[in-house]
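Take a look at the model below. This report walks through a few of its parts, one at a time.

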Amino acid sequence: MSDRNNPYAGGGYSSQAGGSQSVSYGASNGAAANLAGPSDAELIKDTTTQAFTADVIRESRNQPVLVDFWAPWCGPCRQLTPALEKVVREARGRVKLVKLNIDEHPAIPGQLGVQSIPAIIAFKDGQPIDGFMGAIPESQIREFIDRIAKGGAPQIEDALAAAAQARSEGDAQGAAQIYAAILQQDPENVDALAALADLFFDAGQAEQAHKFLEQVPADKQDAPAVAAVRTKIALAEQVAKLGDPAELERRLAADPADHQARFDLALICNARGERDAAADHLLAIMKADRQWEDDGARKKLLELFEAWGMTDRATLAGRRKLSSLLFS
């Protein structure tokens, strides 16, 4: 349909080729964004006069909804819409886009007083709150969406809690998806990076786990969550070099005098944080053969005491047992 033949191209509507005109409709409370990463079909859709209430008014109570008033004959509309759709996809559910063809559905734009197209009006909590007219650059579209979605994004802490709950319930995949969505909004979120590293390491994907740890900013490398995962990985790698604990246990069951197996188990227990068990294994070697490996069990036990600290509970308990063994 040409501009000449279209009723909206004359006195009713005009096509805005360049620049923008701010349209403010007041303020509203924010709504939570969809962390799960919605599909294109969920983010962008066409609507009708009949479906407008459901698609825009009701849906804007969940997150802001942008309404794109357009027409097939409008050149600037064809210029704006692809950029608009791209930025909406990048927002990953912080906003949704609903497109209304004003040729086919003139009642709604008439009620809202839309006189020029393309016109974008943002709705929150069922009310129009902001907008612009004309084909504006992608950077300005992004600024517009950031502005109207501010305060409407989900709280990161709530999302982290939801991910932790999913993991505690055995849904590792669901937890990973939430953490990944958090990183879409906050690429340097230390808790999400550490949690994903931990998840992948537990799944046997150590290389991927290290990649997530490498993404942690330099000034946040010492964050508790990151340090905990690094320690866990380091201990696991140390244990792996010592051998299979189950095999060592089988060797001891077959031969209680296999002091090397018991010594290696002591090191594994220490790597796991099982300090009392580590000390007991070394004390058992000393009790059976004080001279084994040139008093190697006692020397290693003293090294562990030093590493654990003089006032550590396991150190104090181990020293009492060592004294009892040496001086009884």
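## Two paired strands

Two strands pair if DSSP finds at least two bridges between them. Helices (H or I, at least four residues) and strands (E, at least two) are DSSP runs, numbered from the N terminus. The model is predicted: local features need pLDDT of at least 70, side-chain atom pairs count only at pLDDT 80 or more, and totals for chains, interfaces and linings use all residues. Residues are numbered from 1 along each chain as its sequence is written, and side-chain values use heavy atoms, with hydrogens and water left out.

Strand β7 covers residues 119-124 and pairs with β8 in the antiparallel sense, over 6 bridges. Phe123 has Pro128 in β8 as its bridge partner. The two strands, β7 and β8, form a hairpin with 2 residues between them. Asp125 sits in the turn and has a positive phi of about 50°. Strand β8 (residues 127-133) is mostly covered, with 6 of its 7 residues buried (under 20% relative accessible area; exposed is over 50%, partly exposed in between; 1.4 Å probe, protein chains only).

## Ala163 in helix α6

Helix α6 spans residues 156-168 and contains Ala163. Is Ala163 buried or exposed? Ala163 is buried, with a relative accessible area of 0%.

Which residues does Ala163 contact, leaving aside its neighbours within four places in sequence? They are Ala175, Ile178 and Tyr179 (contact means heavy atoms within 4.5 Å). Ala175 is 12 residues from Ala163 along the chain, yet their C-alpha atoms are separated by 4.3 Å.

## Helix α13

Helix α13 has 14 residues, 275-288.

## The cavity

A cavity is a set of points on a 1 Å grid over the protein atoms alone, where a 1.4 Å probe fits but cannot get out; lining residues have an atom within 4 Å of a point. Grid points are joined across faces, edges and corners, and a volume is the space filled by probe spheres set on the points. The count comes to 1 cavity of 30 Å³ or more.

The largest cavity has a volume of about 30 Å³. Its lining is Asp276, Ala279, Asp280, Ala314, Ala317, Gly318 and Lys321. Helix α15 gives the largest share of that lining, 4 residues.

Technical notes. The expected span of a helix is 1.5 Å times one less than its number of residues. On a 1 Å grid over the protein atoms alone, a cavity is a set of points where a 1.4 Å probe fits but cannot get out, and a pocket is an open set with protein on both sides within 12 Å along at least five of seven lines; lining residues have an atom within 4 Å of a point.
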